[in-house]
Amino acid sequence: MDTIGVAERLMKYVQVDTEADPNSETFPSSMKQKDLAQILVQELKDLGINDAYMDEWGYVFATIPSNTSKKVPTICFCAHMDTAPDVTGKNVKPILHKNYDGAPIVLPDDNSQVITTDRHPYLKEKIGDDLITASGLTLLGADDKAGVACIMDFAEHLMKDPSVVHGDIRILFTPDEEVGRGVDKLDMDKLKADYGYTLDGGVLGSIEDESFSADAVTVKIQGISAHPGYAKNKMVNALKLASEFIDALPKDSWSPETTSGREGFVHPVAVNGAMEECTVQFIIRDHETAKLAEYETRLEAIVKEVVGKYTGCSYTFEVKEQYRNMKEILKTVPFVTNYAIEAMENVGVTPKNVIIRGGTDGSRLSFMGLPCPNIFTGEMAIHSRHEYVSVQDMEKAVATMKELVQIWERNAE
């Protein structure tokens, strides 16, 4: 296998359509995710990583064997292969913009899509870097194929450079992270790792060890059906009840569009139904897990008040746990995050401790026995046609990973 850079890897991977399908009941949610998994398995084998394989669920596993006599904890590096369904990931045409000069980037397949420093302030720090964008009709897929590319480039460096001394390294590529199912079928006995890092962060130097805690809530509202021609004083339209319920939510707080930092929110994400029954789906988020129950109590009080105005109508209120704040686990093993910070400093990157207003596979992995903070890749403007990534940011992520595994080895007995 010829040596290629992290940029070439990313530009290859984004052309493989791996868009997840939130409405699918299969796993993975779209079988085309396995197309990329198969490519990655073959590339890993071409590097000499002979145990690389994809399991029945589409997870890719591989081991870079230890080259030290020390007993070093097994470290896992993880990235997800799927892309978000928010914007199409089909027929992605990546474009490399060398030596970015700060001018607006007009995307050629839709000239109305213009990436500017005004709209994307981080670009001001990337002048002189090489940037990769899509062509204007799709997202890029750097979330998280930048992470995949970084891990693959890192794997090649370690397989070809024995001077990088390390313990066993496990590689994990997951499907369906974007629809919240990324580790649903993961067998931790197959993974066999002690600590991990997801490569799914944004700005250069970001290290994320605190995420939201998250629940999903499904509210079903039962109205009263009647023939519309003879409905007077009989019909109660469940669609209108749902609308009244949503309209009763706070307008200036408690929502994604009105919160930032450590503030949580209650967010309606889908409404489905008809006259007799209507379902409203919510996601509930906060960095303090205990606040989720407070939000849910308040939300149920609102729907109870609305539905209670209409005789004969009813509702159900179902809560499902999604993930929890990884900090609850990582605070018990602070060295996992501290080693990553040390690695960044050693390769000339200024660490930036960032709170995730969301979650990653690492949130759930941390509670599955694999403490797992998140490291930068440079992926920016994710889930949009303006998505971009700096090649130099990706290269710094690879350098950080190389230094990180050596820090683990140096600190082992």
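Trainee: Is Phe27 buried or exposed in this structure?

Mentor: In this predicted model, burial is judged from the relative accessible area, and a residue counts as buried when that value is under 20%. Phe27 has a relative accessibility of 12%, so Phe27 counts as buried. Trp57, by contrast, has a relative accessible area of 26% and is therefore partly exposed.

Trainee: How should I read the way in which two aromatic rings are placed, and what do the rings of Phe27 and Trp57 show?

Mentor: A pair of aromatic rings is described by the distance of the centres and the angle of the planes. The structure holds 14 aromatic pairs. In the pair of Phe27 and Trp57, the ring centres are 6.1 Å apart and the planes stand at 75°, so this pair is edge-to-face.

Trainee: Which parts of the chain does the pair of Phe27 and Trp57 tie together?

Mentor: Phe27 belongs to the loop between helix H1 (6–13) and helix H2 (33–46), while Trp57 belongs to the loop between strand S1 (53–54) and strand S2 (60–64), so the pair ties together parts that are 30 residues apart in sequence. Phe27 and Trp57 also belong to one aromatic cluster, together with Tyr53, Tyr59 and Phe61.

Trainee: What kind of aromatic pair do Phe335 and Tyr339 form?

Mentor: The pair of Phe335 and Tyr339 is tilted, with 5.9 Å from centre to centre and 50° between the planes. Both residues lie in helix H8 (residues 334–346), where they are four residues apart, about one turn of the helix. Phe335 is partly exposed, at a relative accessible area of 29%, whereas Tyr339, at 15%, is buried.

Trainee: Which residues line the second largest pocket, and how do they divide by class?

Mentor: A lining can be read first by its members and then by their classes. The second largest pocket holds about 160 Å³ of space, and its lining includes Ile246, Leu249, Trp254 and His267. By class, this lining divides into seven nonpolar, three polar and two charged residues, and strand S12 (residues 265–273) gives the largest share, three residues.

Trainee: How many cavities of 30 Å³ or more does the structure hold?

Mentor: There is one such cavity, and among the residues that line the largest cavity are Cys78, His80, Asp144 and Thr360. Strand S3 gives the most to this lining, with three residues.

Terms used: Residues numbered from 1 in each chain as written. Predicted model: local features only at pLDDT ≥ 70, side-chain atom pairs only at ≥ 80, totals over all residues. Heavy atoms only, no water. 1 Å grid on protein atoms, 1.4 Å probe; cavity = no way out; pocket = protein on both sides within 12 Å on 5 of 7 lines; lining within 4 Å. Points joined across faces, edges and corners; volume = space filled by probe spheres on them. Helix = DSSP H or I, 4+ residues; strand = E, 2+ residues; numbered from the N terminus. Nonpolar A, V, L, I, M, F, W, Y, C, P; charged D, E, K, R; others polar. Phe/Tyr/Trp six-rings, centres within 6.5 Å; stacked < 30°, edge-to-face > 60°. Buried < 20%, exposed > 50% of the residue type's maximum accessible area, 1.4 Å probe, protein only.
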